[in-house]
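Colleague: I would like to learn how to read this structure. Could you take me through some of its features, step by step?

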Amino acid sequence: ASQAQPTRRGALIVVEGLDRAGKSSQCEMLRDSLWQKGSPVKYIRFPDRTTPIGKLIDSYLRGSSHQDDHSIHLLFSANRWEVAKSIEDEIASGTTVIVDRYSYSGVVYSAAKANPTLSLEWAWQPEIGLPRPDICLFLSISPEEAAKRGGFGVERYENEPMQTRVRQLFSTVFERQEDVSIIDAGRSITEVALQIQATVSDCIEHMDATAPLRK
Ligand code: T5A
Ligand code: NA
């Protein structure tokens, strides 16, 4: 009998960044480019506003409901945990999963509220054990470039003081984090897309696709 080929798993690719950095546009372009190369690929985003927990988050973000800072933090985390197993299964079956915002947004936006009992360290705890990305692309954009992409919307965190704290905290978190690629997202959509494709190809080429996803 012939020996079965070792199964190559898919990659877990996370895209993070400030508001209007172009995350969703870039995730869609990356999905299409991987698809065209013949890789099975799936694109998901957090918050996933379609689940019961996601509906609570959506109502909070739109300002239709109030939540304690810790409580909403745990709901954002629970919204990741409720699909963690399906992400693992997709990846184990060979599908690459592109994730638009993940734990980094989770800890940074909550800690940016400067609630004395909600530190970065506290915020990380419920994220421990979630599938760990093979690569995180941080789309970095200056406040000036972001401003050119239109004014803030009506959602809860779309204001200047909050965005300034979020920017500082993303820097703090990513200074300590390995496996992060900082992408200058202030350039044209095509330039950014080409750099992301090159970075992701390099990651997929060099990762050990026979080893399981890290936690
Ligand atoms: N949040 C999220 C938490 O507090 N905790 C958590 O755990 C999580 C997961 C909603 C909020 O929830 C918070 C963070 C957020 O405040 P969301 O639904 O992801 O999160 O937010 P969105 O509003 O959907 O996304 P963003 O505003 O961050 O936008 P994107 O995805 O970064 O940008 P995109 O691609 O939609 O582009 C924005 C505009 O810019 C243009 C696009 O065409 C579009 O008009 N654009 C460019 N223009 C010029 N040059 C380029 N290179 C461009 N790229 C895009
Ligand atoms: Na988005």
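Predicted model: local features only at pLDDT ≥ 70, side-chain atom pairs only at ≥ 80, totals over all residues.

Colleague: How do I describe a pair of aromatic rings?

Modeller: You give the distance of the centres and the angle of the planes. For Phe138 and Phe170, the centres are 5.1 Å apart and the planes stand at 45°, so this pair is tilted.

Colleague: Which parts of the chain does the pair of Phe138 and Phe170 tie together?

Modeller: Phe138 belongs to strand β4 (residues 135-140) and Phe170 to helix α7, so the pair joins parts that are 32 residues apart in sequence.

Colleague: How many aromatic pairs does a search of the whole structure find?

Modeller: The search gives 9 aromatic pairs. One of them is Tyr109 with Tyr157, a tilted pair with 5.6 Å centre to centre and 35° between the planes. This pair links distant parts of the chain, 48 residues apart: Tyr109 is in helix α4 (residues 103-111), while Tyr157 is in the loop between α6 (143-148) and α7 (160-176).

Colleague: Are Tyr109 and Tyr157 buried or exposed?

Modeller: Both Tyr109 and Tyr157 are buried.

Colleague: Which residues form the aromatic cluster?

Modeller: One cluster is made up of Tyr60, Tyr104, Tyr109, Trp124, Phe138, Tyr157, Phe170 and Phe174. Take a look at Tyr60 as well: the charged end of Arg156 sits over its ring, 3.8 Å from the centre.

Colleague: Now for the helices. Why do residues three or four places apart in an α-helix point the same way?

Modeller: An α-helix has 3.6 residues a turn, so residues at that spacing face the same way. In this structure, look at α2: the buried residues there are Gly54, Ile57, Asp58, Ser59, Tyr60 and Leu61. Helix α3 (69-92) is included in what covers them.

Colleague: And Lys55, where does it lie?

Modeller: Lys55 lies in helix α2, which spans residues 52-61.

Colleague: Why does Lys55 count as exposed?

Modeller: Its relative accessibility is 51%, and exposed means over 50%.

Colleague: Leaving aside neighbours within four places in sequence, what is Lys55 in contact with?

Modeller: With those neighbours set aside, Lys55 is in contact with Arg49 and Thr50. At 2.9 Å, the Lys55 side chain reaches the backbone oxygen of Thr50.

Colleague: What is there to notice just after α2?

Modeller: Look at Gly63, which takes a positive phi of about 85°.

Note on methods
Residues numbered from 1 in each chain as written. Chains lettered and ligands numbered in written order. Heavy atoms only, no water. Helix = DSSP H or I, 4+ residues; strand = E, 2+ residues; numbered from the N terminus. Buried < 20%, exposed > 50% of the residue type's maximum accessible area, 1.4 Å probe, protein only. Contact = heavy atoms within 4.5 Å. Polar contact = N/O pair within 3.5 Å; in protein donor to acceptor, adjacent residues only side chain to side chain. Phe/Tyr/Trp six-rings, centres within 6.5 Å; stacked < 30°, edge-to-face > 60°. Lys NZ or Arg CZ within 6 Å of the ring centre and 35° of its normal.
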